[in-house]
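Reader: Can we go through this model together? Put the structure up and I'll ask as we go.

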Amino acid sequence: SVSSIGSRDFYVRYIESAVIKANNQHTQSSSARCICLSQENNMNILHDLLTARNACETKPFQSIHESNAALLNLVDTLQYRCDSSAREQLELQHLVSQLSASSSGENSNGKKGNAASKAEARMRDKIEKLQEQLNQKLRAEIETSAAALKTATELSQLKDHASAQEATIANLRDVNNRDENTITNLTTQLAEAQN
């Protein structure tokens, strides 16, 4: 996309300017000698700059990545349970179809047909109960995953808010330190002026 290309160009220009700045500082410090940084040194600088950039850019998204991993694990678990329940349902339906086929063959004898129809009715009831239990489990798991997602989102927002407050606290401490230094300097100047 255009924004990612623009962002990439910005970082390329930023890294190039940092390398040029490092080269200039190095050549200025060696004054008479013109020593250029080796390619390995350039790569170390690039690596350090990229590491610093990545650390700054990925920290706010760490909680999102963690919640995403947890949700993916939950999805896998739910999918496994759903698949196993579907297999169990198919097995029970197959059993019912076998019982109904055997009962139709034995319908000529009244007692066997009646027992088979009772067994078939019991199996149908059991299948309906299992289907209802499966549906209830799936609903409960969906609600649980929705609650987990909501909790993860709230946690992410709280972490972002906390990091913003930490930055504000750090800025206020810097301002406080500067003000204390100014007060100390003014107090010293006042004492010197009074002497």
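Reader: Where does pLDDT stay under 50 while the model has 10 contacts beyond four places in sequence?
Author: Over residues 28-37. pLDDT is the predictor's confidence in each residue, from 0 to 100. Contact means heavy atoms within 4.5 Å.

Reader: And how many contacts beyond four places for residues 1-5?
Author: The model has 0 there, and pLDDT again stays under 50.

Reader: What are the ground rules here?
Author: This is a predicted model, so local features need pLDDT of at least 70 and side-chain atom pairs count only at pLDDT 80 or more, while totals for chains, interfaces and linings use all residues. Residues are numbered from 1 along each chain as its sequence is written, and side-chain values use heavy atoms, with hydrogens and water left out.

Reader: What's the average pLDDT of the protein?
Author: It averages 76, and 70% of the residues score at least 70. Confidence is lowest in helix 1 (residues 2-29), with a mean of 58. It is highest in helix 4, at 86.

Reader: How many helices and strands?
Author: 4 helices and 0 strands. The order from the N terminus is α-α-α-α. Helices (H or I, at least four residues) and strands (E, at least two) are DSSP runs, numbered from the N terminus.

Reader: Switching to electrostatics. How many salt bridges in the whole structure?
Author: The search finds 1. The term means a side-chain nitrogen of Lys or Arg within 4 Å of a carboxyl oxygen of Asp or Glu. Arg81 pairs with Glu141, and their closest N and O atoms are 2.5 Å apart. The pair links distant parts of the chain, 60 residues apart: Arg81 sits in helix 3 (residues 62-105) and Glu141 in helix 4 (residues 110-194).

Reader: Is Glu141 buried or exposed?
Author: Buried, with a relative accessible area of 13%. Arg81 is partly exposed, at 43%. The cut-offs: buried is under 20% relative accessible area, exposed is over 50%, and partly exposed is in between (1.4 Å probe, protein chains only).

Reader: How much of the protein counts as buried?
Author: 14% of the 195 residues. The protein exposes about 15300 Å², with carbon and sulfur atoms supplying 56% of that. Those areas come from the Shrake-Rupley method with a 1.4 Å probe; for residues, only the protein chains shown count as cover.

Reader: Now Ser145. What is it in contact with?
Author: Leu71, Leu74 and Leu78, leaving aside neighbours within four places in sequence. Ser145 is in helix 4. It counts as buried because its relative accessibility is 19%.

Reader: And Ser156, where is that?
Author: Also in helix 4. At 8% relative accessibility, Ser156 is buried. Beyond four places in sequence, Ser156 contacts Ser63 and Ile64.

Reader: Where does Phe61 lie?
Author: In the loop between helix 2 (39-58) and helix 3. Phe61 is partly exposed, at 46%. Its C-alpha is 9.8 Å from that of Lys159, 98 residues apart along the chain.

Reader: Last one. What share of contacts comes from residues 24 or more positions apart?
Author: 67%, counting the contacts in the protein with a separation of 6 or more.
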